[in-house]
Amino acid sequence: MTSPLSKSDVIIVGAGIVGAAVARAYLARFPTHRVVMLEKEAQCAAHQTGRNSGVIHAGVYYAPGSLKARYCREGLERTLAYCKAHDLPYEQCGKIIVATSPQEEARLETLFTNCEQNDLSPTRLTGQQIRDMEPAITGTAGVFVSHTGITDYAAITRHLLHECAQYSGFTLRYDTHVDGIDEQGDAVRCHVSQGGKKHVLSAENLICCAGLMADTLIRQQGLPCDFRILPFRGEYFRLSSRFDGITERLIYPVPDPAMPFLGVHLTKMIGGYTTVGPNAVLASGREAYNGFALSPSEWWRSISFPGLYPLLWRFRGAVVNELKTSLSQAAYARQVQKYCPDVTMNDFSPYRSGIRAQAVRQDGTLMHDFHFVRSERVMHVGNAPSPAATSAMPIADAILAAMF
């Protein structure tokens, strides 16, 4: 039995950092409005927001003029400013992208040009200059980007929601699952489940920031959706305490430009420790953080998607390499040893994994840029992979500008 609840001005689905940024921006603009936020988990930032590497990206890899490049560059400054204003943890430590072969040196030049076009003032480094800056790191050439930083995105999300809670019209409902979306002429109705009971929530507008569930909600509403979110698990390790503070900066390899992933990198973390990761392997489900977890329905959802097979075939070499690093810690360690020879598999200890929501079209084409799907009263954030956490505030502003 369903019971109707009172109508609000807007419903926001998803209490990750993008949803929290949308709620804060909306309430700052409409402080007397009623806002209901729905989160299917028992806490905020439970998925991509709370399981990433904590990097404040600068826009090194994104095509100039793309939404990713624009929102990331603005989001970098706004994220840093927000952390400073509210005494949240951050460090603008910079990053070095390290080449270890002639092929990578050629790719490095492309990244250098990209940095210049994205207003990042990069610095070229020789192998010796890398060694001077970071004695534990070995490479033949590098690019230093001073803008990059680190933070705790879950802490930022909690603070954004704390600000929202100061408005009397804001309500956050945890453990609430969206079962259906029905857009009518005068309102949007969300059919939800909470505590074993079903309800209908009504609002003037609906904004879905559902991450890994984005395409599911688009299809629930009956909107055209020519892509599917495929889950790629990124496996991380924490290095032993002897590597705490081993670098002053983030250390990244030169990525394969054909892939959306950046390779296994060395990341100093808020808290003083160091992690390595992630690799990228197709997960058995959208929340399959444990590599051995298997949900038949989730697995079928991926393997029944026609776009999966041309995608895997196109990147078959990378697929094999990523599987090797997933199955063998020794192979994983070799990725790190290319630029940090002292690291061995014996230095690895378990660390949380993350799952990247990657939108893929029916023909197997990766969707690289942010993507939005909307109707008259509803906005879906359809594709928002990294650097969505860095870009959350500009994304929120773009959504409000488009809808209101």
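**Figure 1. Surroundings of Ser-193.** Apart from neighbours within four places in sequence, Ser-193 is in contact (heavy atoms within 4.5 Å) with Asp-175, Thr-176, His-177, Asp-179 and Lys-198. Its side chain forms a polar contact with the side chain of Asp-179 at 2.3 Å. A polar contact is a pair of N or O atoms within 3.5 Å; within protein, one must be able to donate a hydrogen and the other to accept it, and residues adjacent in sequence count only if both atoms are side-chain atoms. Ser-193 belongs to strand S11, residues 188-194. Helices (H or I, at least four residues) and strands (E, at least two) are DSSP runs, numbered from the N terminus. The model is predicted: local features need pLDDT of at least 70, side-chain atom pairs count only at pLDDT 80 or more, and totals for chains, interfaces and linings use all residues. Residues are numbered from 1 along each chain as its sequence is written, and side-chain values use heavy atoms, with hydrogens and water left out.

**Figure 2. Packing of helix H2 against helix H5.** Helix H2 (residues 67-85) packs on helix H5 (residues 153-164) at an angle of about 70°, the axes lying 11 Å apart. Axes are lines fitted to C-alpha atoms, for helices over the stretch in contact, and angles run from 0 to 180 degrees between N-to-C directions. H2 is therefore roughly perpendicular to H5; angles under 35 degrees count as roughly parallel, over 145 as roughly antiparallel, 65 to 115 as roughly perpendicular and the rest as oblique. The crossing of H2 past H5 is left-handed, a term used if the near helix is turned anticlockwise from the far one by less than a right angle. From H2, Thr-79, Tyr-82 and Cys-83 meet Tyr-153, Ile-156, His-159, Leu-160 and Glu-163 of H5. The residues of this contact comprise five nonpolar, two polar and one charged. Ala, Val, Leu, Ile, Met, Phe, Trp, Tyr, Cys and Pro count as nonpolar, Asp, Glu, Lys and Arg as charged, and the others, Gly among them, as polar.

**Figure 3. Packing of helix H1 against helix H5.** The axes of helix H1 (residues 17-29) and H5 come within 9 Å and cross at roughly 30°. H1 is therefore roughly parallel to H5. H1 also passes H5 in a left-handed crossing. Residues of H1 in the contact include Ala-20, Arg-24 and Leu-27, and those of H5 include Ile-156, Leu-160 and Glu-163. The contact of H1 with H5 divides into 10 nonpolar, one polar and two charged residues.

**Figure 4. Two open antiparallel sheets.** Strand S13 (residues 227-234) is joined to S18 over two bridges, and Arg-233 stands opposite Val-281 in S18. The other sheet runs in the order S3-S8-S4, again antiparallel. S3 (55-56) and S4 (90-91) are at its edges with a single partner strand each, so one side of each has no neighbour in the sheet. Tyr-90 has Thr-151 in S8 as its bridge partner.

Figure 5. A cis peptide bond with omega of about -5° joins Gly-277 and Pro-278, the latter in the loop between strand S17 (274-277) and S18. The bond from Ser-386 to Pro-387 is likewise cis, with omega near 15°. Ala-45, although not a glycine, has a positive phi of about 55° and lies in the loop between strand S2 (35-38) and S3.

Definitions and conventions: Pairing = 2+ DSSP bridges.
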